[in-house]
Amino acid sequence: MPDFPLSQTRRTLPIALLRAREAVMERFRPMLRAIDVTEAQWRVLRVVQEIPGIEPTRLAEQAVILAPSLTRILKTLESRGLVTVERAAEDRRRTQVRLAPGGDRLLREASRESAAIYATIERELGAEDLAALLDKLDVLLTRLNGPGDAADG
């Protein structure tokens, strides 16, 4: 027996968050497979859609992806014509990522199904409970990481 009692895994935050993520992503994976995009690629595309001209460092933070993985993902997305990676006009040392026309088209085509999946989750959980959950997660992130993280993500 350990020197300190461990909670049952069902009631530990890391495992509960992972299980919740899996339950949610199971709903989205068929859509992602249909459009031939990985979960990480989808997150990158969504962030680039929201923040055109984003720098790779900030993109990695916002999409919750390690920088080396982002480099590989950007090469793949760029080769597929979904994003462009270009030097910033005002500072040629910096790069910016933007949606390419193909990426914009892919997101527009997938947005209806993505919204429908999200609406189903909202219906099953309840709009108020979903909003409360997202608010609580923002509080968790703010308290653990500082005020900038919850609002940014």
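Visitor: Which residues of α2 are buried?

Guide: In this predicted model, Glu-39, Ala-40, Gln-41, Trp-42, Val-44, Leu-45, Val-47 and Val-48 are the buried ones in α2.

Visitor: And what do the buried residues of α2 pack against?

Guide: Quite a list: helices α1 (13-34), α3, α4 (67-79) and α5 (101-125), plus strands β1 (83-87) and β2 (95-99).

Visitor: How do you know that the reach of α2 is close to the expected one?

Guide: Helix α2 has 12 residues, and from first C-alpha to last it reaches 17 Å. At 1.5 Å a residue you'd expect 16 Å, so the two values are close.

Visitor: Which residues make the contact?

Guide: From α2 it's Arg-43, Val-44, Val-47 and Val-48, and from α3 it's Leu-59, Gln-62 and Ala-63. By class that gives 5 nonpolar, 1 polar and 1 charged residues.

Visitor: What makes Arg-29 count as buried?

Guide: Its relative accessible area is 15%. Buried means under 20%, so Arg-29 qualifies. Arg-29 sits in helix α1.

Visitor: Which residues is Arg-29 in contact with, leaving aside neighbours within four places in sequence?

Guide: Arg-21, Glu-22 and Glu-39. Glu-39 is one of the buried residues of α2.

How values were computed: Residues are numbered from 1 along each chain as its sequence is written. This is a predicted model: local features need pLDDT of at least 70, side-chain atom pairs count only at pLDDT 80 or more; totals for chains, interfaces and linings use all residues. Side-chain values use heavy atoms; hydrogens and water are left out. Contact means heavy atoms within 4.5 Å. Helices (H or I, at least four residues) and strands (E, at least two) are DSSP runs, numbered from the N terminus. Ala, Val, Leu, Ile, Met, Phe, Trp, Tyr, Cys and Pro count as nonpolar, Asp, Glu, Lys and Arg as charged, and the others, Gly among them, as polar. Buried means under 20% relative accessible area, exposed over 50%, partly exposed in between (1.4 Å probe, protein chains only).
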